[in-house]
Amino acid sequence: MSVLPPLPRPPEEASTPNSLRPAPRCLWAPTTHGGTPRRTAELGPSLGLSGGPALGPLVDDRGAWTAEHPGVECLRWMAFKIACGLTPDDPALLRQHQLATEQLVEAGVLAAIPAQEQALRLLYSSAHHPLLPWHWRCACMDQLNRPLAALARLADADAALAARLQRFQWCLSQSPMKES
């Protein structure tokens with residue numbers, strides 16, 4: 001089995017470690033360097049809410065171009081900031097994430113149901129994460145209504161989604177937030 005050598009980096013990027021690179025700019029702004037979009041893998045490892053695997057795919061089988069879309073990169077970065085509570089004094093980030101999700105769905109970049117379910121899981125798990133600041137957790141809980149409403153509209157035509165949504169609403173009513 002042969003091992004392929006790593007691809008060469010542009011000269012100005014070669015000396016900059018991942019931790020010092022700026023985060024991708026937000027929605028629709030190109031995250032390019034030398035004319036090529038940055039991949040999520042170049043931003044370093046992304047951990048999930050509990051330190052486990054990443055937040056999972058945001059798209060269905062729409063092709064590789066979707067994963068490279070700058071809007072998807074920005075959405076992933078915002079999700080990472082929300083999950084880790086990196087900007088707990090900026091609750092507008094939560095609304096911005098939901099608006100970005102809705103814009104990407106309307107543009108046809110993301111599938112509506114998986115994108116809204118992911119937003120719902122992100123907010124719910126962040127709201128119940130005991131290591132995040134209390135006011136951030138409350139802000140996440142307050143924003144659950146937007147993805148819930150979007151999924152409720154989509155559930156009219158999908159019985160399986162309606163059942164999942166009903167189970168989630170029951171779980172939401174039965175799971176009190178624990179103080180941090």
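The buried residues of helix α4 pack against α3, α5, α6 (134-142) and α7 (145-155) in this predicted model. Those buried positions in α4 are L93, L94, H97, Q98, A100, T101, E102 and L104. The helix itself covers residues 92-106, which amounts to 15 residues. From its first C-alpha to its last, α4 reaches 21 Å, close to the 21 Å expected at 1.5 Å a residue. Just after α4, G108 adopts a positive phi of about 85°.

Aromatic pairs are considered next. A pair of aromatic rings is described by the distance of the centres and the angle of the planes. With ring centres required to lie within 6.5 Å, the count comes to 2 aromatic pairs. Their geometry is tabulated below.

| Pair | Centre to centre | Angle between planes | Class |
|---|---|---|---|
| W77 and F80 | 5.8 Å | 25° | stacked |
| Y124 and F168 | 5.2 Å | 75° | edge-to-face |

The pair of W77 and F80 is classed as stacked because its planes, 25° apart, fall under the limit of 30 degrees. Both residues belong to helix α3 (residues 70-84), and since they are 3 residues apart there, about one helical turn separates them. W77 counts as partly exposed because its relative accessibility is 25%. F80 is likewise partly exposed, with a relative accessible area of 24%.

The pair of Y124 and F168 is edge-to-face, with 75° between the planes, and links distant parts of the chain. Y124 lies in helix α5 (residues 112-127) and F168 in helix α8 (residues 159-174), 44 residues apart. F168 is buried, with a relative accessible area of 17%.

Technical notes:
Residues numbered from 1 in each chain as written. Predicted model: local features only at pLDDT ≥ 70, side-chain atom pairs only at ≥ 80, totals over all residues. Heavy atoms only, no water. Phe/Tyr/Trp six-rings, centres within 6.5 Å; stacked < 30°, edge-to-face > 60°. Helix = DSSP H or I, 4+ residues; strand = E, 2+ residues; numbered from the N terminus. Buried < 20%, exposed > 50% of the residue type's maximum accessible area, 1.4 Å probe, protein only. Expected span 1.5 Å × (residues − 1). Contact = heavy atoms within 4.5 Å.
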